[in-house]
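Have the viewer open and follow along.

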Amino acid sequence: MNIMNLMQLKEAWGVFKENHPKFPLFLNAASKNGLKEGSVVEITITPPEGKSITTNIKIKESDLKLFDQLKSAFK
């Protein structure tokens, strides 16, 4: 990833945080209180039409390392 892409991504994250201020707080709380190896993260998407889809992942040690790298990049 080049520096320009990283800058654009950081800017997009700033806009996302403005649009959804509670979500970064949720991520912060999850990383401090419950996100550890073996945790299950479930995501549900419900479009306006109403038919939801759901998936989940079991967190691995490598995932936690990636999350730490991302946190450092967006401070």
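What follows covers salt bridges, aromatic rings and a loop residue.

## Ground rules

This is a predicted model, so to speak of local features takes a pLDDT of at least 70, and side-chain atom pairs count only at pLDDT 80 or more, while totals for chains, interfaces and linings use all residues. Residues are numbered from 1 along each chain as its sequence is written, and side-chain values use heavy atoms, with hydrogens and water left out.

Take a salt bridge to be a side-chain nitrogen of Lys or Arg within 4 Å of a carboxyl oxygen of Asp or Glu. On that rule, the count is two.

One of them joins Lys 65 to Glu 61, with 3.7 Å between the closest N and O atoms. Both residues sit in helix H3 (residues 61-73), four residues apart, or about one turn of the helix. Helices here are DSSP runs (H or I, at least four residues), as are strands (E, at least two), and both are numbered from the N terminus. Glu 61 is partly exposed, at 44% relative accessibility; for that scale, buried is under 20% relative accessible area, exposed is over 50%, and partly exposed is in between (1.4 Å probe, protein chains only).

The other pairs Lys 71 with Asp 68, at 3.6 Å from N to O. These two are also in helix H3, three residues apart, again about one turn. Lys 71 comes out partly exposed at 42%, and Asp 68 is partly exposed too, at 43%.

## Aromatic rings

How many aromatic pairs does a search of the whole structure find? It turns up three. The rings of Phe, Tyr and Trp (its six-membered ring) pair if their centres lie within 6.5 Å, and planes under 30 degrees apart are stacked, over 60 edge-to-face, and the rest tilted.

Trp 13 and Phe 16 make a stacked pair, 5.4 Å centre to centre with 15° between the planes. They are about one helical turn from each other because they lie three residues apart in helix H1 (residues 3-19). Trp 13 is partly exposed at 26%, and so is Phe 16 at 31%. Ring pairs also tie Trp 13, Phe 16, Phe 23 and Phe 26 into a cluster.

## Glu 37 in its loop

Glu 37 lies in the loop between helix H2 (22-33) and strand E1 (40-45). With 53% relative accessibility, Glu 37 counts as exposed.

Leaving aside residues up to four places away in sequence, Glu 37 touches Ile 59, Lys 60, Glu 61 and Leu 64, where contact means heavy atoms within 4.5 Å. Glu 37 and Ser 62 are 25 residues apart in sequence, with 9.0 Å from C-alpha to C-alpha.
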